[in-house]
Amino acid sequence: MNRVMVLTGGGDCPGLNAVIRAIVKRAAREKDWEVVGSIEAFNGILREPTEIVVLDEKAVSGIHYQGGTIIQTTNKGGPFAWPVKQKDGSFIAVDRSDEMIRKIQYLGIDAVINIGGDGSQRISQALFEKGLNIIGVPKTIDNDLSATDATFGFQTAIQIATEAVDKLVTTAASHNRVQILEVMGRNAGWIALNAAVAGGAEICLLPEFPYDIEKVMERIEKRFDKGRGFVNIVIAEGARNIKGDLVAEKSQEVGYANVKLGGVGFRFEEELKAAGCEHSIRTTVLGHLQRGGVPIAYDRVLATQYGVKAFELVLAGEFGRMVSYRHPYITSVTLKEAIQKPNLVDSDTALMKTARGIGICFGD
């Protein structure tokens with residue numbers, strides 16, 4: 001039997017299980033292939049004893065509409081930065097990639113499908129350069145990979161964020177308030193931008209466009225007359241003011257390399273008050289609600305297409321590539337191309353032009 005190992009890395013995302021299911025069901029059509037899953041990304045293969053599970057059609061039955069991932073995920077550790085505890089209680093990062101590749105070969109695994117975002121695919125490329133047969137599947141709710149038109153999970157996150165805006169509009173109008181909604185978006189403001197347009201927000205603050213608090217105040221005051229009025233603001237967690245201040249803190253979690261974002265909505269609320277805003281203000285942080293729950297139909301379909309294509313790339317021996325959607329085709333690009341340039345919002349973005357056309361203020 002040939003064996004392909006599947007793993008999910010980085011933050012969880014609606015649609016992960018649909019990809020896993022599609023890979024298994026496509027592999028089942030071939031009589032000489034077995035699918036196994038590594039628990040918590042590459043960590044499952046690195047641990048002793050090894051944590052891998054057989055994934056057959058029974059194991060993936062009905063999982064396509066479930067959120068999360070049945071083989072779990074992590075954004076800590078990994079083959080190039082495995083945390084090892086020292087005698088003094090501190091940790092150092094150790095490169096175990098060569099050891100892991102030997103272990104994969106020993107277990108008779110012929111190929112690996114790595115489902116993850118930018119960070120995960122950078123690991124894929126590094127492992128491919130070391131000789132591992134690997135295929136990438138793009139996964140991120142931020143939609144920040146430029147080598148594909150869309151990543152699964154993104155549309156579900158937008159739907160969740162838009163529903164939050166819809167609910168906040170009514171409470172803002174009822175109380176003559178400024179309502180701030182903080183959504184995810186470390187470097188890319190796609191969720192915030194889409195939710196602002198779909199939900200009818202007046203102000204949208206993105207990581208790509210540092211905001212001037214005075215310009216934001218001007219827009220807010222235009223929405224009030226003798227104390228009556230309301231404003232809905234959508235702000236991405238990676239947004240920053242023109243001074244360049246980013247609301248982030250270093251994580252205390254072992255093996256977590258990124259800074260932790262979150263709280264920019266509350267910081268922005270204080271900036272408004274300091275700038276003289278006398279209206280009632282409330283801040284809501286949507287947080288991980290955007291990552292969880294049932295994927296919408298669009299993401300289930302896209303995820304299923306990605307899973308089938310990923311296994312067919314394995315069959316064809318086309319390794320070192322990432323599945324990609326280029327309308328109307330499901331195709332692939334090299335991993336090197338996939339990680340070369342992030343997909344960020346810019347002034348020429350069609351939706352950005354639309355947003356400005358309907359009068360949304362970006363504080364710039």
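Student: What makes helix 6 (residues 190-199) oblique to helix 11 (residues 350-357)?

Tutor: In this predicted model, the two helices pack at an angle of about 40°, with their axes 10 Å apart. Angles under 35 degrees count as roughly parallel, over 145 as roughly antiparallel, 65 to 115 as roughly perpendicular and the rest as oblique, and therefore helix 6 is oblique to helix 11. Residues are numbered from 1 along each chain as its sequence is written, and local features need pLDDT of at least 70, while side-chain atom pairs count only at pLDDT 80 or more.

Student: Which residues make the contact of helix 6 with helix 11?

Tutor: Leu 193, Asn 194 and Val 197 of helix 6 meet Leu 351, Met 352 and Ala 355 of helix 11, where contact means heavy atoms within 4.5 Å. By class, this contact has 5 nonpolar, 1 polar and no charged residues.

Student: Why is helix 1 called oblique to helix 9?

Tutor: The axes of helix 1 (residues 16-27) and helix 9 (residues 297-316) come within 7 Å and cross at roughly 45°, which makes helix 1 oblique to helix 9. Helix 1 passes helix 9 in a right-handed crossing, whereas helix 6 passes helix 11 in a left-handed one.

Student: What makes a set of residues a nonpolar core?

Tutor: Such a core is a set of buried (under 20% relative accessible area, with a 1.4 Å probe and protein chains only) Ala, Val, Leu, Ile, Met, Phe, Trp, Tyr and Cys residues joined through side-chain atoms within 4.5 Å. The largest one has 64 residues, and Leu 206 is among those with the most contacts inside it.

Terms used: Side-chain values use heavy atoms; hydrogens and water are left out. Axes are lines fitted to C-alpha atoms, for helices over the stretch in contact, and angles run from 0 to 180 degrees between N-to-C directions. Helices (H or I, at least four residues) and strands (E, at least two) are DSSP runs, numbered from the N terminus. A crossing is left-handed if the near helix is turned anticlockwise from the far one by less than a right angle, and right-handed if clockwise. Buried means under 20% relative accessible area, exposed over 50%, partly exposed in between (1.4 Å probe, protein chains only). Ala, Val, Leu, Ile, Met, Phe, Trp, Tyr, Cys and Pro count as nonpolar, Asp, Glu, Lys and Arg as charged, and the others, Gly among them, as polar.
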